[in-house]
Amino acid sequence: MGATYVHSPPAVNLVCEESALLRSTSYCLHSCRHLRCNTSNLKPCRTLVFNLPLRGFNQRVSALPDVDDFFWEKDPTPILDTIDAPIHLKNLSSKELKQLAGEVRSEISFIMARKCQPCNTGHSVVELTIAIHYVFNSPMDKILWDAGQHAYAHKILTGRRSLFHTIKQRKGLSGFTSRFESEYDPFGAGHGCNSLSAGLGMAVARDLGGRKNRIVTVMSNWTTMAGQVYEAMAHAGFLDSNMVVILNDNRHTLLPKADGRPKMSVNAFSSAVSKVQSSKGFRKFREAAKGLSKWFGKGMHEFAAKVDEYARGMIGPHGATLFEELGLYYIGPIDGNNIDDLICVLKEVATLDSTGPVLVHVITENEKESGGDFDTEIASNDEGAPDSSQGIQNFLENALSRTYNDCFVESLIAEAENDKRIVVIHGGMGIDQSLRLFQSRFPDRFFDLGIAEQHTVTFSAGLACGGLKPFCIIPSTFLQRAYDQIVEDVDMQKIPVRFAITSAGLVGSEGPTNSGPFDITFMSCLPNMIVMSPSDEDELIDMVATAAMVEDRPICFRYPRGGIVGTGGTLAYRNPLEIGKGEILAQGKEIAFLGYGEVVQRCLIAQSLLFNFGIQATVANARFCKPLDIDLIRMLCQQHDFLITVEEGTVGGFGSHVSQFISLDGLLDGGVKWRPIVLPDRYIEHASLTEQLNMAGLTAHHIAATALTLLGRHRDALLLMK
């Protein structure tokens, strides 16, 4: 770790490209076996060039994509080829709608297989999407979605089919709904649980404005793990605003049923009951009965309400009365893959005026793709999903090579074997496959709480108060939801919760929705929090041991998503780090790089680039943002003319803490010149990780060019960036 690294960039690039080519060839054979591609129809791949605007996708575009740009021949889609907008669904027969569902599903499969991405979640809601657009009139009627994959069919049917192959690519379609992309997306979503709150706000605004359009929100059963959903339901029930809430239940749950009950099913009886529940006559009769019972007095009204509750509880599924208690009229369950039943119920619901919020419970099936477990594993791995814009190449980095998550879990298992008090609490959408290894080894010490991040943090604090050592694992973007709990329930009380912040920094094709640029800033401003970040997998293991050792205050460490920078060999059990101590990796003069986190590796490459220009730069690894290694910083300032801090985070993070110290310490008074390199003050749009780093100015070449500019060698800086 203390040695000077001098790399030859051309040789490194050559090796990387050759290795990637070999791995890509191997993976193509592997993926074809899983995806069962028809290799006899394969066509040569043409280079695609897109120059699409970031905004303004809502203009009318052709529904038929250029099939010559694809890998292999696709199934014909005669009905889908005629659909440019949802209004074109209105004249289709039931048989044609069913055929359209098959064509949309085929289209999604074709595009996603080409990108080596799963699509079974998007498949499950195809019939539901068609039924919604058949019954309701978007964009006048507002249709909101919680999850990105659930909106795939929605994007195809709303004039974006010709651009669908660009999804998650730079300047292409977003992987989530986006207000900047289409007028058919009234609200942006990606994390889940926000559609109901936003939809209720739109419903109230509609009522105050005297408009008559309808609000439809679609949420998944995964979303129901979040408390915000129930807050919104209770508020909707109180306001009694007219809106339609569709619960898309794919019958998957975080917690297995302990009593062995079968999963909720739909049949002819449940469909018939749902149609009766949604009918205008039944609703009017129910409202009339309520009014009559009120006329007889309070006692009679309460008795009638209990009879109604028991009756609906007897014919409805488990948990249906919960929605009724929150003030939503429950209808269901309905077969979400039966277009006829869906249209029948939704038509009845759409004709009901001034009846308050209605919840339609839809049961859908996540289809097993021909890839079997291949797709299932990717779908459950939110952090390791492939980067669509680089397809196979990025999937290799995330799935076939060792990742930071792998190293983290291995070291955590080693710590847990030696310390029985260590427990793991996971929050966020999806769970990394490597964590399942810990779950299988220590099932009683692993808690997966889904997107209930606020509860996750406070639950971890309670475990710590009970004498355990909780490791709270949450992706950076989801940790933002629980910030109040971090402040009030953990840091203010100095409770030793150990936060493992995954998917930190830029995340490629998932774009700003799932990127984690803010955690350095919002964690390092807390008075009692220890904040650290490893430069490689070895330090990550050291930091796991360090976190396990600290028992008097909270501690956090962040690490990026994707493959590790080292050889990927077996990692040994390591020792704790000294709190607040960094290290020198390469000794030079004139200019010093002080890196925080995995960006240190790019600083080392920048150092080797500068060496080719006759410049010997110092590279230091800070390790800790709080507390800072003030001795290391003083030494760097005293021995160099320029100090450059580098981090994959926003303004207000590591560099700001360094500048605060050196200004108060007087080191800036006529001495060293300091420059920060941070993420720009804007959201970085979805693209490959390499493209995002280029857009952010955080590549090794950008770092080296910054140093050359400070030294007055502007021509060399321009040459380096060519």
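What follows is a chat about the fold and packing of a predicted model.

Colleague: How many helices and strands does the chain have?

Modeller: In this predicted model, the secondary structure of the chain comes to 28 helices and 17 strands. Of its 722 residues, 55% count as buried, and the accessible surface is about 30200 Å², with 55% of that area belonging to carbon and sulfur atoms.

Colleague: And of the contacts between residues at least 6 apart in sequence, what share join residues at least 24 apart?

Modeller: That share is 79% for the chain.

Colleague: Switching to the inside, which residues have the most contacts within the largest nonpolar core?

Modeller: They are Met-233, Leu-359, Phe-499, Met-523, Leu-594 and Phe-654, in a core of 62 residues. Helix H6, residues 195-209, gives the largest share of this core, with five residues. Apart from this core lies another of 49 residues, among them Phe-110, Ile-111, Leu-163 and Val-345.

Colleague: What does Leu-594 touch?

Modeller: Leaving aside residues up to four places away in sequence, Leu-594 touches, among others, Ala-620, Leu-632, Ile-633, Leu-636, Phe-654 and Val-658.

Colleague: OK, helix H19 now: which of its residues are buried?

Modeller: In H19, which spans residues 483-491, the buried residues are Gln-485, Ile-486, Val-490 and Asp-491. Seen down the helix axis they fall within an arc of 140 degrees, so they line one face of H19.

Key. Residues are numbered from 1 along each chain as its sequence is written. This is a predicted model: local features need pLDDT of at least 70, side-chain atom pairs count only at pLDDT 80 or more; totals for chains, interfaces and linings use all residues. Side-chain values use heavy atoms; hydrogens and water are left out. Buried means under 20% relative accessible area, exposed over 50%, partly exposed in between (1.4 Å probe, protein chains only). Helices (H or I, at least four residues) and strands (E, at least two) are DSSP runs, numbered from the N terminus. The arc is that of the directions from the helix axis to the C-beta atoms. Contact means heavy atoms within 4.5 Å. Accessible areas come from the Shrake-Rupley method with a 1.4 Å probe; for residues, only the protein chains shown count as cover. A nonpolar core is a set of buried Ala, Val, Leu, Ile, Met, Phe, Trp, Tyr and Cys residues joined through side-chain atoms within 4.5 Å.
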